[in-house]
Amino acid sequence: METIGRRATGARGLRCKECGEELPLGASYACEFCFGPLEVVYDRDELARRVTRESIEAGPASIWRYADLLPCAPDDPTAGLPVGMTPLVRAPRLAGRLGLGEVWVKNDTANPTHSFKDRVVSVALQKARELGYEVVACASTGNLAQSVAAHAAAAGMRAYVFVPADLEPQKIIATGIYGCTLIAVDGTYDDVNRLCMELAADRPWAFVNVNVRPYYSEGSKTLAYETAEQLGWTLPDRCVVPIASGSLYTKIHRGFGELLDLGLVEGCVPVMTGAQARGCGPVAAAYEAGLDFVAPVRPDTIAKSLAIGNPADGLFALDVARGTNGSIEAVTEDEITDGIALLAETTGIFTETAGGVTTAVLRRLAERGEIGPDERVVVYITGDGLKTLDAVAERVEPVTIRPTVADFEAAIADTTTLEISR
Ligand SMILES: *Cc1c(COP(=O)(O)O)cnc(C)c1O
Ligand SMILES: [Zn+2]
């Protein structure tokens, strides 16, 4: 166990996902032997002795209640922006509309910068500080930018944030306002990522999703822990999760697996359905074609937060889909905006395009009859609709009137029948 004057975590070391070689918990992110990606491993027996439902429930109302299952923990878990413990909302009207039984929405728009990225950034910045970094950076499809900038501001760290120049204006503004150095790169996310890998090689900066990626990605597991805890320490039957690099999707699966392994829940790992946009669906395409490799694509979709053409965890995502009897689906641009509207109208939750993707995939599975009437499904809504207003701007048409009762009554005469039939 690593204690060193701070809250203990159960992390034991880093292990290569390709060849299994183990390394200490340092600033490494690629295997010295085969250059494979690294992931954090834990002392399972020690965790099984220490971690109970009660020990978790006694923790803070944030992701740090799961600190034992994460690679690091702050001395003061109440410092900084509070992340996690977002609402898990039952969605009977959405379920009814789709002819389904039990649907839940994990509303991660409720995080400090309105996306699930606050989870991974919180963990990455904590570990970066422990490793002695003073500057943080990231290659972002949008939400990561905002989250890194905000958490760096809260912690008083310098931040360099790299984004594709064609990002939604809402996300550019909501990043720059935190006082970071914001670099708009003329290229795709994959170009931005390549540039950051080169920059990371000879700068003493913690690029949260490049050279501290093994720690960063662990933060996504907290979505699984929270889901199970909020369901009274039980598991859903199926999860619908968006895929960009594939990290979130594979780590939610891992999180459920850990809870089962530690005896904190019973049953089996949920069916994992992955969700991509057809305009950037390299993992869905590989799944559909039955391939064991992911061919990179050039993204062209309104779901910019999912627009990674060469996904780092694509292969691992394929394994999760196949291993849990799930699938990976890709939806059209129209299905995405319909999905945003469907979720908003039936739950009161306004999602960005990524949540339109997951909602559209849920609808598609429901229409194909793939979800049983007794299935308990959780849909992950990972970002806020205010971040991608342009995607749905055309769908909203206010009724404009002069300020008179007569005008109002004339104007709504046409719309009343429509309202009642809803
Ligand atoms: C980053 C992101 C994801 C998924 O990212 P992964 O790279 O697959 O972990 C999903 N939704 C939103 C809104 C995001 O910003
Ligand atoms: Zn290796």
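Let's start with the zinc ion, ligand 2. Its protein donors are the SG atoms of Cys16, Cys19, Cys31 and Cys34, lying 2.3 Å from the ion. This is a predicted model, so take every value as computed from it.

What is the geometry around the zinc ion? The 4 donor atoms subtend angles of 97 to 119 degrees, which makes the arrangement tetrahedral. The cut-off for four tetrahedral donors is that all angles lie between 85 and 135 degrees. For reference, the ideal angle for four tetrahedral donors is 109.5 degrees.

Now the sequence spacing. The donor residues of the zinc ion follow C-x2-C-x11-C-x2-C. Take the pair Cys16 and Cys31, which links distant parts of the chain, 15 residues apart. Cys16 sits in strand β1, residues 11–16. Cys31 sits in the loop between β2 (22–23) and β3 (38–42). Are these two cysteines buried or exposed? Cys16 has a relative accessible area of 4%, so it is buried. Cys31 is at 2%, so it is buried too.

Next, helix packing. Two packed helices are described by the angle between their axes and the distance between the axes.

Pair one is α4 with α5. Helix α4 covers residues 117–130, and its axis is 9 Å from that of α5, at an angle of about 45 degrees. The two helices are therefore oblique to each other. The crossing of α4 past α5 is right-handed. On the α4 side, the contact is made by Lys117, Asp118, Val121, Ser122, Leu125 and Arg129. On the α5 side, the contact residues are Asn143, Leu144, Ser147, Val148, His151, Ala152 and Ala155.

Pair two keeps α5, residues 143–155, and brings in α6, residues 169–176. Their axes come within 8 Å and cross at roughly 15 degrees. That makes α5 roughly parallel to α6. The cut-off for roughly parallel is an angle under 35 degrees. This crossing is left-handed. From α5, the contact uses Asn143, Ala145, Gln146 and Ala149. From α6, the contact uses Lys171, Ala174 and Thr175. Note Asn143: it is listed in the contact with α4 and in the contact with α6.

Helix α10 runs over residues 247–261, and its axis comes within 7 Å of the α9 axis, crossing at roughly 50 degrees. So α9 and α10 are oblique to each other. The crossing is right-handed. Which residues meet here? From α9, they are Lys221, Leu223, Ala224, Tyr225, Thr227 and Ala228. From α10, they include Leu248, Lys251, Ile252, Arg254 and Phe256.

On to backbone angles. Most residues other than glycine have a negative phi. Two residues to look at here.

Met85 is not a glycine, yet its phi is positive, about 50 degrees. Met85 lies in the loop between α2 (53–57) and β4 (88–90). Its relative accessibility is 27%, so Met85 counts as partly exposed.

Trp233 is the other residue, with a positive phi near 55 degrees. Trp233 lies in the loop between α9 (221–230) and β10 (238–242). Is Trp233 buried or exposed? At 7% relative accessibility, it counts as buried.

Start with Met272, in strand β11, residues 271–277. Its relative accessible area is 0%, so Met272 is buried. Beyond four places in sequence, Met272 touches, among others, Cys239, Val241, Tyr249, Ile252 and His253. Ile252 has come up already, on the α10 side of the contact with α9. Val320, Ala321, Thr324, Gly326 and Ser327 also touch Met272. Compare Thr400: 128 residues from Met272 along the chain, with the two C-alpha atoms 45 Å apart.

Then Leu195, in helix α7, residues 189–201. At 30% relative accessibility, Leu195 counts as partly exposed. Leaving aside neighbours within four places, Leu195 is in contact with Phe162 and Val185. Phe162 is 33 residues away along the chain, and the C-alpha separation is 9.1 Å.

Finally, Thr188, in the loop between β8 (181–185) and α7. Thr188 counts as buried, at 14% relative accessibility. With neighbours within four places left out, its contacts are Pro164, Arg298 and Pro299.

Methods
Residues numbered from 1 in each chain as written. Chains lettered and ligands numbered in written order. Predicted model: local features only at pLDDT ≥ 70, side-chain atom pairs only at ≥ 80, totals over all residues. Heavy atoms only, no water. Donors = N, O, S within 2.8 Å, 3.2 Å for Na, K, Ca; no water. Tetrahedral: all angles 85-135°; square planar, octahedral: opposite > 155°, others 65-115°. Helix = DSSP H or I, 4+ residues; strand = E, 2+ residues; numbered from the N terminus. Buried < 20%, exposed > 50% of the residue type's maximum accessible area, 1.4 Å probe, protein only. Axes fitted to C-alpha atoms, helices over the stretch in contact; angles between N-to-C directions. Parallel < 35°, antiparallel > 145°, perpendicular 65-115°, else oblique. Left-handed = near helix turned anticlockwise from the far one by under 90°. Contact = heavy atoms within 4.5 Å.
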